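Please keep the display in view while reading.

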Amino acid sequence: MDKRVAIIGGGVAGLGAALSLDRYGIESIIIEKSPNLGGKVTGYAQLFPDFKDGKALVAELIDKARRSPRIRVLTNASIRTMARQDGRFELAMTSGDAVCADAVILTCGFEVFDARKQGEYGYGVYPNVITAPELELFLDPEGPTKGKLLRPSDGQPAQRVAIIFCVGSRNKRLGNPYCSRICCSYSTKQAIEIMERHPDANVTCFYMDIRTYGRGFEEMYQYAQELGVKYVRGRVSECSALPNGDIQVRAENTLMCRPVQGAFDVVSLSVGMAPCSDGAQIAAWLGLELDPYGFFQAKDDYLSPYETHQEGVFLAGSISGLKPIRDCLSDGFSAGGEVALYLQRLHQGRG
Amino acid sequence: MAKTGSGEKGQPDYGWRFQGKIVRLCEDRSVQMDESSHLMERALRQMSMEYFALDRCLQCGICTEGCPHTKLETNARFSPRSFIQKARLGLLDLSGEDLWLCTQCGQCKLICPYEIPFLDVMISLRSLVVEQGAGYVPASIKGVLSSLSSAGNPWKEDQSRRGEWHADRDRSGNTSGRQDAVMLFVGCLPSYDKRAQKIARAAAELLQRAGVAFDILGEAEVCCGESALRAGDQGTFERLKAINTRNLAKGGAKRIYTLSPHCYDVMKNRYDGLETGGCQVYPFVILLHELISKGALPVRNGVHKRVAFHDPCLFSKHHSIIAEPREVLQNIPGIELVEMEHSGEKSFCCGGGGGGVWRDTAKGERLAEIRLEEALKTGADILATACPYCLTMLEESARGEERYQDLKVMDLCELLREGVFS
């Protein structure tokens, strides 16, 4: 069977799909717009809930992909246009190359919410207000600070840390009314990392609801509380900078029915996720419809979650709704199997 | 009856609507209630059918933190969040003062992540109390509502004296009745209140200096009804609105300028008859801004003062009028414009909105006091504003207090008048 699959996006879902197709003996080509494979997971030193090494996971996936003769990788590659001709997909790259495929798997992932849109928290104005991906970088033992959390304003160790949940999620005003699903868990993971390294640190999480829904997530949340991470139920209304660079945070402790405020060395915003920014263009090329937020819609969420309304176009990972890393990988593996089945039928039908 | 719950930006509303049916979060209200709370609960159910408001609140508390009352150091704090929570459990106590603390400043509406129309919820609850007698109405509010209903102004003043501030003036430059005349909607405080009349006089002088022909309705003008509306008296509001709409149409005004942001808000948003009649409503500060940019109001004298501008909530939070009043002030040479801790969209309420100006509030519980402290911190000589309510609230709270004696509260018209006339 001489069939080839184009996988758009080289994150964990794309890699998973390529490795899955490889096991079926099917050729694939991963088209990744950034210089490296691995997607956003390359920035995570530890994954929740089991504190697995994220970089090692990505390295293993990439290594497997590189060693397979059936997986081709295009990095720094952007698609100029894409169309379907005679049942095949023709992709024209901006580099001038052309890619021809019998099926397409979309694994474009998501975008991190731009915290500047929620101006009351002062991200981009106050140096000591950072986002969760930046906190992740601080907590990375191989990162620029060797795993130490420092105040960006003066490089002093940060002892008092506030983590604000639901930034850019569950917010109708900003057009993101949905729950981003993973922020509660990754923030709790980050809080644990801080507390484990600095037992005398003060980590306060401002949350609306704790949604630790996955296997092992709730246990992680309980462990965080055992370590002394404080959880205050209330949405922060405003961050302001004090003259010494401290960030003052104000909220209502809704369980105590009284206002709370505190000064922190660093405030981390647990930013939510937004649909991938290339989604609209890709959907237009392929004749697909997006949901009102910009996520791709599966043919049937229950029975054919990886297929779309266009034959030969498949979905995997966060492109169809936000998912934790484990789910993105298993999406990739499953979509690979679906595509293999699809191509086999196509082959038999033609033969 | 039930409106669709789909959001304004075409987004689906999840959670409280499911397959076209309204899902109640607490269908089983096994809370013991007396007769009056049953009446209230029925009305609340009806209300939340309309707004889907109570059920979609996430109880995150951002409104409470944003609410100006939270900054008051009193024990009985007002919390919009717990207000909604109690309302949806049928536990709201309408016999207390709580319902009347909201000044309708709109801060909660600005920051609410789920766009809960808290101001409308508040108005609906008040109308339940005012029109159906389901709870407590402060005597001061009762008095104002009855005066508005019977006399057309909050003090049962003689309507024929409404234009007096203007009548006793030198009419030699009288420009009313001209074809191009604009209509000045004066409002109750600037018409009757000795202090606020100075705003009206300054405004009239500025208009005459700029050569703008203007009319006032005089005794044909009644209260715009904003206080009645926000205090829940829909009936009185509708009557006042009908009278004003009819008389404004009779006057043939095409452009109406209001001295108070409160009149502007209600005439812009709720006087549906005006726009269909080809009438446009603007706040007076917009006219001043226009005249200054055209060069029609040359400022001769410097006012060498440090000035802090207090944004009326209805301008900054409800209508995004933030730059214009500041530009008017900056046009006066010598003025050093300073900003208080809360300014622009994040402005801090004076406590006068939503009927607050008519309520008696004890010292130490006034929002205006917090605002005055903020003004003191900037070292301002003058606290300027552009709203008769704000002016009254701030000035009343400053009166007799030694710490505020060097802080003068002025309306923007008065300040500009000082710059234009010697």
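In this predicted model, chain A contains seven helices and 20 strands. Its radius of gyration is 22 Å, close to the 20 Å that the globule rule gives for 351 residues, so chain A is as compact as a globular protein of that length. Taken along the principal axes, the box filled by the C-alpha atoms of chain A is roughly 70 × 40 × 40 Å. Of the 351 residues in chain A, 48% count as buried. Among the contacts in chain A with a separation of 6 or more, 65% are between residues 24 or more positions apart.

Chain B may be considered through its domains. It is divided into domain 1 (25–132), domain 2 (161–291) and domain 3 (299–420). Between domain 1 and domain 3 of chain B there is contact, with 12 residues of domain 1 and 16 residues of domain 3 taking part. On the domain 1 side, the residues that touch domain 3 comprise six nonpolar, five polar and one charged.

Two packed helices are described by the angle between their axes and the distance between the axes. The axes of helix 18 (residues 367–377) and helix 19 (residues 388–398) of chain B come within 9 Å and cross at roughly 80°. Because angles of 65 to 115 degrees count as roughly perpendicular, helix 18 of chain B is roughly perpendicular to helix 19 of chain B. Helix 18 contributes A368(B), E369(B), R371(B) and L372(B) to the contact, while helix 19 contributes M393(B), L394(B), S397(B) and A398(B). By class, this contact between helix 18 and helix 19 of chain B has five nonpolar, one polar and two charged residues.

Definitions and conventions:
Residues are numbered from 1 along each chain as its sequence is written. Chains are lettered from A and ligands numbered from 1 in the order in which they are written. This is a predicted model: local features need pLDDT of at least 70, side-chain atom pairs count only at pLDDT 80 or more; totals for chains, interfaces and linings use all residues. Domain bounds come from an automatic or database domain assignment. Two residues are in contact if their C-beta atoms, placed from the backbone, lie within 7 Å. Ala, Val, Leu, Ile, Met, Phe, Trp, Tyr, Cys and Pro count as nonpolar, Asp, Glu, Lys and Arg as charged, and the others, Gly among them, as polar. Axes are lines fitted to C-alpha atoms, for helices over the stretch in contact, and angles run from 0 to 180 degrees between N-to-C directions. Helices (H or I, at least four residues) and strands (E, at least two) are DSSP runs, numbered from the N terminus. Angles under 35 degrees count as roughly parallel, over 145 as roughly antiparallel, 65 to 115 as roughly perpendicular and the rest as oblique. The radius of gyration is taken over C-alpha atoms; the globule rule is 2.2 Å times the number of residues to the power 0.38. A residue is buried if 20 or more other C-beta atoms lie within 10 Å of its own, exposed if 12 or fewer, and partly exposed in between; C-beta atoms are placed from the backbone.
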